[in-house]
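User: I would like to learn how to read the contacts in a model with protein and DNA. Please take the features one at a time.

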There are 2 protein chains.
Amino acid sequence: MSIKGLFPIDKWDFKSESVLADLPAEDFDLLTAHQTEQVYKKGEIIFREGAYPAGIFYIKAGKVKKYKLDKEGKEHIIYVANKEELLGYHAILSEDRYPDSAASIEESRIAFIPKEDFLAVLNQSPVLNRRLLKTLSHEFAVLANSLSMFAQKNVRERLALQLIVLREKYKVNFKPGMPVEINMSRDDLANLVGTGRENVVRVLTEFKESGILKTQGRKIIINDVNQLIIIADYK
Amino acid sequence: MSIKGLFPIDKWDFKSESVLADLPAEDFDLLTAHQTEQVYKKGEIIFREGAYPAGIFYIKAGKVKKYKLDKEGKEHIIYVANKEELLGYHAILSEDRYPDSAASIEESRIAFIPKEDFLAVLNQSPVLNRRLLKTLSHEFAVLANSLSMFAQKNVRERLALQLIVLREKYKVNFKPGMPVEINMSRDDLANLVGTGRENVVRVLTEFKESGILKTQGRKIIINDVNQLIIIADYK
DNA sequence: TTTAAAAATTGATATATCGCACATTTTGCA
DNA sequence: TGCAAAATGTGCGATATATCAATTTTTAAA
């Protein structure tokens with residue numbers, strides 16, 4: 001039985017809404033009453049898997065990778081979070097430790113909100129409750145997608161898909177109509193796709209030869225997203 | 001940098017708490033006021049990915065697989081849900097369609113709760129809100145684990161891990177101390193591990209020869225869980 | 001601008017696992 | 001209980017990907 005065409009890849013929802021949007025002013029003020037802001041340099045760690053959470057983070061500017069380390073210390077990137085996204089709330093809600101680590105992949109400005117404030121607002125705000133439930137269940141769907149993609153697609157197809165997703169995330173840095181530059185190390189890209197650096201380079205070269213994209217040093221500029229969609233969705 | 005030993009696999013939390021436990025009687029009664037019960041035969045589909053949700057499901061007895069289909073119709077099992085677990089609430093909370101499909105893997109007795117009742121209780125019950133947030137964020141952690149496991153472990157290691165997890169789920173069917181029988185088709189097992197049936201059979205044979213387990217027809221009886229833990233955690 | 005260190009790229013080889021074809025066993029139904 | 005269909009198990013060639021080593025390019029600091 002085939003469900004071909006039921007969920008074409010170009011209809012997927014890559015964008016994540018801000019959890020804090022539409023929050024009543026009263027709740028928002030209470031939530032941000034004791035926030036402190038910090039600039040994280042590229043590569044700086046925000047929190048570590050296994051640590052107990054002291055609060056949540058709100059990305060005001062920049063990009064953050066959420067990742068897990070295997071026993072040899074090789075990292076696998078689970079998600080790239082963009083500005084205006086909330087970070088580190090899973091650990092508090094699950095009453096457990098951080099399930100993953102977070103580090104900035106470019107210089108980022110991030111606000112810290114103490115656990116007490118977050119829980120206080122959570123206890124009084126139906127809107128925040130509803131919004132978090134929506135966000136979490138949406139995240140579940142995205143993660144489930146990634147998981148089955150991993151089981152069913154090869155490196156070439158996975159890289160194509162990640163490039164499409166990353167293009168959306170880097171779009172916000174550029175004017176509409178301008179070509180979008182993905183500025184990410186091959187190592188991070190490899191850890192996101194779940195393969196080695198060398199394999200990413202090889203597939204990237206292949207894409208370059210097909211005219212799908214071009215590279216300028218570390219930067220990747222996508223010329224033909226449709227071609228990527230076809231590749232990612234092929235199997 | 002190594003985090004060796006930080007999260008030994010035998011300390012992982014495989015069990016999922018019932019979302020409905022500790023729910024105030026009032027909320028529970030309202031939630032179950034219009035529930036209807038149905039017996040699903042082995043293999044019967046409960047809901048399909050992409051459909052709009054009409055309500056949620058509560059597994060009273062049996063086991064259910066949550067899965068996604070690729071374009072050729074090959075399924076990838078994301079999760080095996082046990083009795084006393086809630087099903088299908090992601091779609092309602094995310095205000096979207098089902099992100100995956102669900103089907104029984106053994107004869108199951110399942111209650112259906114209409115969407116309206118679920119949302120009504122959600123609007124009035126802080127306990128249910130809190131519990132759902134906890135469950136969803138826990139699910140996220142479990143899924144993130146699966147994802148990074150996929151990226152970093154081979155078929156042998158993944159199968160070992162899934163056998164450990166399944167053993168926990170099948171435990172409830174047997175008396176303490178009695179050997180636990182995992183009764184699952186090789187196809188389902190392969191779709192859970194993310195490989196082909198043949199590869200599962202090959203690794204299973206290998207495990208059998210090492211005295212880790214034995215098989216009786218379709219049934220798998222684990223003799224040496226510790227050995228499995230070592231294998232799953234090896235890399 | 002120069003230069004050293006870091007990152008990216010290319011090549012070659014080893015290895016896991018995929019997927020087909022076929023044999024065997026088990027299961028459930030008449 | 002017997003039988004057909006379904007599920008399981010086995011062998012093997014093809015292939016994608018991992019891994020190691022060496023080279024080139026880029027980056028960022030002096």
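User: Which side chains does A:Arg130 meet in a salt bridge?

Analyst: This is a predicted model, so side-chain pairs count only at pLDDT 80 or more. A salt bridge is called when a Lys or Arg side-chain nitrogen is within 4 Å of a carboxyl oxygen of Asp or Glu. Here the partner of A:Arg130 is B:Glu95, with an N to O distance of 3.7 Å. The rule finds six salt bridges across the interface of chain A and chain B.

User: How many residue pairs are in polar contact between chain A and chain B?

Analyst: The count is ten, with both residues of a pair at pLDDT 80 or more. By residue class, the side of chain A that touches chain B divides into 22 nonpolar, 15 polar and 18 charged residues.

User: How much area do chain A and chain B bury between them?

Analyst: The idea is to take the accessible area that two parts lose on being put together, summed over both. For chain A and chain B this comes to about 5200 Å², with 67% on carbon and sulfur atoms. Within the part that chain A buries against chain B, A:Lys71, A:Phe140 and A:Leu147 supply 16%, more than any other three residues. As a residue count, 55 residues of chain A are in contact with 55 residues of chain B.

User: Which residues are closest to DNA strand D?

Analyst: DNA strand D is surrounded by 17 residues, and the closest are A:Asn154, A:Val155, A:Thr195, A:Asn199 and A:Arg202. The surface near DNA strand D divides into two nonpolar, six polar and nine charged residues. H7(B) gives the largest share of that surface, five residues. Helix H7 (197–209) of chain A, and helices H6 (186–193) and H7 (197–209) of chain B, each supply at least two residues of the surface near DNA strand D.

User: What part of DNA strand D does the side chain of A:Glu198 approach?

Analyst: An N or O atom in the A:Glu198 side chain is 3.1 Å from a base nitrogen of DNA strand D. For A:Asn199, a polar side-chain atom is 2.7 Å from a phosphate oxygen of DNA strand D. For B:Arg218, the partner is a sugar or linking oxygen of DNA strand D, at 3.2 Å.

User: Is A:Asp100 buried or exposed?

Analyst: Relative accessibility under 20% is read as buried. A:Asp100 counts as buried because its relative accessibility is 2%. The residue is in the loop between H2 and strand E7 (101–104) of chain A. Leaving out residues up to four places away in sequence, A:Asp100 touches several residues, including A:Arg48, A:Lys66, A:Lys68 and B:Phe140.

User: Where is A:Glu84 found?

Analyst: A:Glu84 is in the loop between E5 and strand E6 (86–87) of chain A. A:Glu84 counts as partly exposed because its relative accessibility is 42%. Apart from neighbours within four places in sequence, A:Glu84 is in contact with A:Ser18, A:Tyr58 and A:Ile59. A:Tyr58 is 26 residues from A:Glu84 in sequence, and their C-alpha atoms are 6.5 Å apart.

Notes
Residues numbered from 1 in each chain as written. Chains lettered and ligands numbered in written order. Predicted model: local features only at pLDDT ≥ 70, side-chain atom pairs only at ≥ 80, totals over all residues. Heavy atoms only, no water. Contact = heavy atoms within 4.5 Å. Buried area = accessible area lost by both parts, 1.4 Å probe. Polar contact = N/O pair within 3.5 Å; in protein donor to acceptor, adjacent residues only side chain to side chain. Nonpolar A, V, L, I, M, F, W, Y, C, P; charged D, E, K, R; others polar. Near = heavy atom within 4 Å. Helix = DSSP H or I, 4+ residues; strand = E, 2+ residues; numbered from the N terminus. Buried < 20%, exposed > 50% of the residue type's maximum accessible area, 1.4 Å probe, protein only.
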